Amino acid sequence: MSKAIAGFSKMTKEKKIEWIAEEYFSKPEEAISLLKNYWNSNESLQKLHDEFIENTITNFYLPLGIAPNFVINGKNYTIPMAVEESSVVAAASKAAKFWAKRGGFKATVLNTEKIGQVHFLFNGSFEKLSAFFNDIKPKFFEGSQDLTKNMQARGGGILDIELRDKTSELANYYQLHATFETKDSMGANFINSCLERFSKIVKEEAFNYEAFSEEEKHIQVIMSILSNYVPDCIVRAEVSCPIEELHEDASVSSKEFAEKFLTAVKIAEIEPFRAVTHNKGIMNGIDAVIVATGNDFRAVEAGVHAYASKNGQYSSLSHAKIENGIFTFWLEIPLALGTVGGLTTLHPLVKFCHELLGKPSAAELMQIVAVAGLAQNFAALRSLTTTGIQQGHMKMHLMNILNQLGANDHEKKKAVKHFEKNTVSHSAVADYITELRATNPDRIEEDFLQ
């Protein structure tokens, strides 16, 4: 069979599905049925989803869970989390309840600057280029006023533009490094539009700059694009309490728990192999809220992991200390988020999640997201340094295993009861279900018939 096809994007959704089913599946009818089962019965709503991206054939669902009992800066929140991984929502909820009794989370936005760059090549002296840049710098602001007018009315806009010499790293390579304030918008389209205008201005002005030689006049713009690394768009989230209030397990002293917890954080600070998994746990909470609120989790992930390496070695995003009998746990993290534009005004569930959060500003959403990450990290470290992470995680994963084994409701109830006191593993659950079916076949058949 030939899987190459011309004009695929111009085909109707139904024709696309028919081609895929015939070319790639041994049972085309079953493949088509599966895809259509995930269509929304509301045609206008399905059309909206179809138009989010190109070549849409169906919807791909993620569970939307709710983590209640978060207290952030004295305000109560119920946080939406779109995620497929077992135990993430439960862990966040448990941490939220724990810290609500101890004053809740504190969160502060430290800065909200975003960055964009025009990357270009110039074959000449830096001194001459620097003089040129200083002469034309006002024209970048003047020449982009039609783009910045609305953003300026909301208190945002272009903050500054710098010329950066990068020729020590790549021959003839320079940057226009611009900083922006985009208020409640994530601002990607705004920033990129401004940058493309800057590139047009720099090329036009260079061509008419009398001090340049003929070769110098031909500045080559390589690309104009925002950066997802935003080290000056930072939010801090933290929790603290006296050591004696820290732990709830009578078998372990609060002091012992606190010291062990601190050591676990220190290990993540110095050991990259541990830091990656440690930070992945933080991102379990952060990504889940970002997806639920219609933001770009891929951009955030890239920027966060770059920030974790800012000192030359990949390290923990969270930190902990004990001073004067007070335990403090915190993180500072770059988050470029938006609450207007994009999916925030289009996706019905995204709008639902924003309303659930009280229609936050971008700065407030930064705080909520950072707190979700800190809560997730606290829950993971508490499990790791006490019972071990698998005990809780595998109990949450039990239902997934039972569904893989095709367990019915009766089998699920029995299995949940059994594994309250037994270790969960795929083989242990499979053995238990096999034994259950062998010893009680009549009851199993009854359940299937009901």
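Reply: One aromatic cluster is formed by F98, W99, F257, F261, F327, F329 and F378. The model is a predicted one, in which local features need pLDDT of at least 70 and side-chain atom pairs count only at pLDDT 80 or more, while totals for chains, interfaces and linings use all residues. Residues are numbered from 1 along each chain as its sequence is written, and side-chain values use heavy atoms, with hydrogens and water left out.

Rings of Phe, Tyr and Trp (its six-membered ring) pair if their centres lie within 6.5 Å; planes under 30 degrees apart count as stacked, over 60 as edge-to-face and the rest as tilted. By this rule there are 23 aromatic pairs. One of them joins F261 and F378, and it is tilted because the planes stand at 40 degrees, with the ring centres 5.5 Å apart. F261 belongs to helix α8 (residues 254-270) and F378 to helix α12 (residues 362-384), so this pair links distant parts of the chain, 117 residues apart; helices (H or I, at least four residues) and strands (E, at least two) are DSSP runs, numbered from the N terminus.

F378 also forms a tilted pair with F329, at 6.3 Å centre to centre and 50 degrees between the planes. Since F329 lies in strand β10 (residues 326-334) and F378 in helix α12, this pair ties together parts that are 49 residues apart in sequence.

As to accessibility, buried means under 20% relative accessible area, exposed over 50%, and partly exposed in between (1.4 Å probe, protein chains only). F329 is buried at 0%, and F378 counts as buried at 1%. F261 is likewise buried.
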